[in-house]
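Here are my notes on this one, as numbered points.

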Amino acid sequence: QVQLVESGGGLVQAGGSLRLSCAASGRTFNSYAMGWFRQAPGKEREFVAAINWSGDSTKYADSVAGRFTIARDNAKNTVFLQMNSLKPEDTAVYYCAASRAWRNYSPVYWGQGTQVTVSS
């Protein structure tokens with residue numbers, strides 16, 4: 001069992017930056033590929049970014065590539081999402097997720113979400 005707790009959301013102006021954190025419980029954090037998803041009002045949850053167990057491989061949605069960076073600290077059981085050049089369309093609830101698979105990333109654990117609001 002892995003419990004995930006996100007933090008770092010908030011209100012920011014367009015062009016600004018935020019850094020999300022996700023703290024994971026349990027001793028097996030480094031056996032999971034970690035990722036971030038988001039869900040805007042009236043829309044389906046969508047993939048944002050993911051990072052493999054060791055942190056040496058990442059993947060991003062086209063909509064955030066070049067603006068967002070995912071990283072992890074296995075010693076602290078934490079995964080981060082650095083979001084730069086934020087746009088109003090980035091407004092959503094952001095969820096941390098853990099997957100046992102990397103190639104076919106499929107979350108088995110979810111956090112409760114943190115709200116990110118980008119004003120124009």
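1. The disulfide first. Cys22 and Cys96 are joined by a disulfide, with the sulfurs 2.1 Å apart; the criterion is a pair of cysteine sulfur atoms within 2.5 Å. By that rule the count comes to 1 disulfide. The link is left-handed, at -80 degrees about the S-S bond. It ties together distant parts of the chain: Cys22 sits in strand 3 (residues 18-24) and Cys96 in strand 9 (residues 92-99), 74 residues apart. Strands here are DSSP runs of E, at least two residues long, numbered from the N terminus. Cys22 is buried, with a relative accessible area of 0%, and Cys96 is buried too, at 0%. For the cut-offs, buried means under 20% relative accessible area, exposed means over 50%, and partly exposed is in between, using a 1.4 Å probe and protein chains only.

2. Ground rules before going on. This is a predicted model, where local features need pLDDT of at least 70 and side-chain atom pairs count only at pLDDT 80 or more, while totals for chains, interfaces and linings use all residues. Residues are numbered from 1 along each chain as its sequence is written, and side-chain values use heavy atoms, with hydrogens and water left out.

3. Now the charges. How many salt bridges does a search of the whole structure find? It finds 3, a salt bridge being a side-chain nitrogen of Lys or Arg within 4 Å of a carboxyl oxygen of Asp or Glu. Arg38, Glu46, Arg67 and Asp90 are linked in a network of them. Glu46 pairs with Arg38, with the closest N and O atoms 2.6 Å apart. Glu46 is partly exposed at 36%, whereas Arg38 is buried at 6%.

4. One of its salt bridges goes to Arg38, at 2.9 Å between the closest N and O atoms. Asp90 counts as buried because its relative accessibility is 1%. Asp90 also forms a salt bridge with Arg67, where the closest N and O atoms are 2.8 Å apart. Here the partners are 23 residues apart, Arg67 being in the loop between strand 6 and strand 7. Arg67 is buried, as is Asp90.

5. On to the nonpolar side. Which residues touch the most other members of the largest nonpolar core? Out of 30 residues, they are Leu4, Met34, Trp36, Leu81, Met83 and Tyr94. A nonpolar core here is a set of buried Ala, Val, Leu, Ile, Met, Phe, Trp, Tyr and Cys residues joined through side-chain atoms within 4.5 Å. Strands 3, 4 (33-39), 5, 7, 8 (78-83), 9 and 11 (114-119) each supply at least two residues of this core. Apart from it lies another core, of 6 residues, including Ala33, Phe37, Ala50 and Ala97.

6. Phe68 is in strand 7 (residues 68-73) and is buried, at 2% relative accessible area. Beyond its neighbours within four places in sequence, Phe68 is in contact with residues including Arg38, Leu81, Met83, Asp90 and Tyr94, contact meaning heavy atoms within 4.5 Å.

7. Two polar side chains to finish. Asn52 is in the loop between strand 5 (46-51) and strand 6 (58-60), and its 7% relative accessibility is why it counts as buried. The Asn52 side chain makes a polar contact with the side chain of Asp56 at 2.7 Å. A polar contact is a pair of N or O atoms within 3.5 Å; within protein, one must be able to donate a hydrogen and the other to accept it, and residues adjacent in sequence count only if both atoms are side-chain atoms. Gln39, in strand 4, is partly exposed at 27%. The side chain of Gln39 reaches the backbone oxygen of Lys43 at 3.1 Å.

Notes:
Helices (H or I, at least four residues) and strands (E, at least two) are DSSP runs, numbered from the N terminus.
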